[in-house]
Amino acid sequence: MSTLTEAPPPLTPPAPEPEKPPRKRGRWTPYWLLLPGILWLVVFFAAPMIYQASTSVQTGSLEEGYKVTWHFVTYWDALSEYWPQFLRSVAYAASATVLCLLLGYPLAYLIAFRAGRWRNLIMILVIAPFFTSFLIRTLAWKTILADGGPVVGALNTLHVLDVTGWLGWTSGDRVLATPLAVVCGLTYNFLPFMILPLYTSLERIDGRLHEAARDLYAKPSTVFRKVTFPLSMPGVVSGTLLTFIPATGDYVNASLLGSADTGMIGNVIQSQFLRVLDYPTAAALSFILMAAILAMVTLYIRKSGTEDLV
Amino acid sequence: MAFVNWFKRNLVVIAGLLTLAYLLLPNVIVTVFSFNKPNGRFNYEWQQFSTDAWKDPCGVAGLCGSLSLSLQIALWATLGATALGTAIAFALVRYRFRARGAINSLIFLPMAMPEVVMAASLLTLFLNMGAQLGFWTILIAHIMFCLSFVVTAVKARVMSMDPKLEQAAQDLYAGPFQTFVRVTLPIAAPGIAAGALLAFALSFDDFIITNFNAGSTVTFPMFVWGSAQRGTPVQINVVGTAMFVIAVLFVLASMAVGNRRNRRKA
């Protein structure tokens, strides 16, 4: 269970502790406060992970029951059979994360610095779609990207589909059931998770720093490159993590907007667990996914040099 | 040239508004298609304007039942997660004790784990225990994954609270209980409310974890999922539109109340 103990640092910067803790109301009070909630997490979050670890090295069948036989070959078999889905998940999630950053940054910047009295309204419009079931909103993309619809027509007229088709993102005159549709859905679904942390870190920037940079004859692009963007790094890091991690495990977008050729690892885990009922393979896949994500996230946090920021 | 300059100066605003349009486009489509009269089982193509679905939202078998089940689960999950989470948040901010780091990691991990991993591992546990999948397993799962979000929301608020206010209350001879109810709780309330609202939204909308742990029980997101395969009734769009409108009205109302309170204080 080494993967569990290597906890990545929290996504949000830890706020300063209150200067002086109030009078102690008894030594045991914090433990009584923690007990029910922590027990819940231990029994229904941590223990299941251990159960899953043991399931992944079991052999047997549904009829005869499963036994722990330390059958690590399951991991090898699962990887060699489903590596395309793993690669696809990482590629789709990474594309969606980059798109979210490119699309979300201007909107977060707009809310933080340019919205004025419209700020609250725009905030509401960013958050409110959360309350409409995300499945319903994802299904709406079927209408938007429909074959022969206005979006596909426009992309065709602009010869965008020729380029994306050549890149393998779309096929023929279709957008639905292609990688492009899945990435579009992923980007859409996780965009708010990028915008909110970006907004939080942009809003904290002191506007006088921009003025100072301009007084020193920095061009707007230089102000952004040297002042705004570096100071928004905590938001960029937590935003990219908040989009990349859930997007990698998602199977809803790939099921609703994709085809059999765009299946992600979440689709495989879901069908192994709920349809094929091959629990050891499913558990092994889910463990590989978790380990891969933890490894990537740790590496990313190291690389971005913001260990003390996130 | 004037236009080019204007465009350059407002580039960020234009790009931001385009992103906003991208975010809201599906909601517009959901609303428009709630007034559609589809030809066949699927409501993906515009046919004819009609208000039939709005007049009879429960006209589809199973829809309103799943909706009420989702509301019940969300309500209980919110109560459970908020109670447990608020207690944890207070303990973490207000006390020094051993294992604080470990507990912080335990709170953080569920938020950093892909849902499918949590869902699958919880199902393994339930299968091993021989638990009957249904209402209770869904509720247990929802409380589990909402808990961390409540802790984070409440912690943020409690951290910014001035402990001197509570000391002042105690100097004025308020007992520990009275201090908590009359001083601490009212100040922490916005954080608790934010956490509860988040828990409600997360639980009500959750599909992946529910899909694994529901057995044959059908919540609203699962009803939508099933109908995506069998044929989507217009009523689903009606519910989607109503949820969006209610959410916007709710936020506007709470902002109006907040504004009035601030003005009274000033």
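Predicted model: local features only at pLDDT ≥ 70, side-chain atom pairs only at ≥ 80, totals over all residues.
Student: How is the size of the interface between chain A and chain B expressed, and what is the value?

Tutor: The size of an interface is often given as the accessible area lost when the parts come together. For chain A and chain B, about 8200 Å² is buried between them, with 78% of it on carbon and sulfur atoms. In this contact, 85 residues of chain A meet 85 residues of chain B.

Student: Which element of chain A supplies the largest share of the side that touches chain B?

Tutor: Helix α2 (residues 29-56) of chain A does, with 20 residues. By class, the side of chain A that touches chain B comprises 63 nonpolar, 14 polar and 8 charged residues.

Student: How many salt bridges and how many polar contacts link the two chains?

Tutor: The count of salt bridges between chain A and chain B is 0. Polar contact, by comparison, is found for 13 residue pairs, both residues being at pLDDT 80 or more.

Student: Why are α5(A) and α11(B) called roughly parallel?

Tutor: The axes of helix α5 (residues 134-144) of chain A and helix α11 (residues 220-230) of chain B cross at roughly 25° and come within 9 Å. Angles under 35 degrees count as roughly parallel, and α5(A) and α11(B) are therefore roughly parallel to each other.

Student: What makes the contact of α5(A) with α11(B) nonpolar, polar or charged in its residues?

Tutor: From α5(A), the residues L135(A), I136(A) and L139(A) meet F220(B), P221(B), V224(B), W225(B) and A228(B) of α11(B). Leu, Ile, Phe, Pro, Val, Trp and Ala count as nonpolar, so the contact divides into 8 nonpolar, no polar and no charged residues.

Methods: Residues numbered from 1 in each chain as written. Chains lettered and ligands numbered in written order. Heavy atoms only, no water. Contact = heavy atoms within 4.5 Å. Buried area = accessible area lost by both parts, 1.4 Å probe. Salt bridge = Lys/Arg side-chain N within 4 Å of Asp/Glu carboxyl O. Polar contact = N/O pair within 3.5 Å; in protein donor to acceptor, adjacent residues only side chain to side chain. Helix = DSSP H or I, 4+ residues; strand = E, 2+ residues; numbered from the N terminus. Axes fitted to C-alpha atoms, helices over the stretch in contact; angles between N-to-C directions. Parallel < 35°, antiparallel > 145°, perpendicular 65-115°, else oblique.
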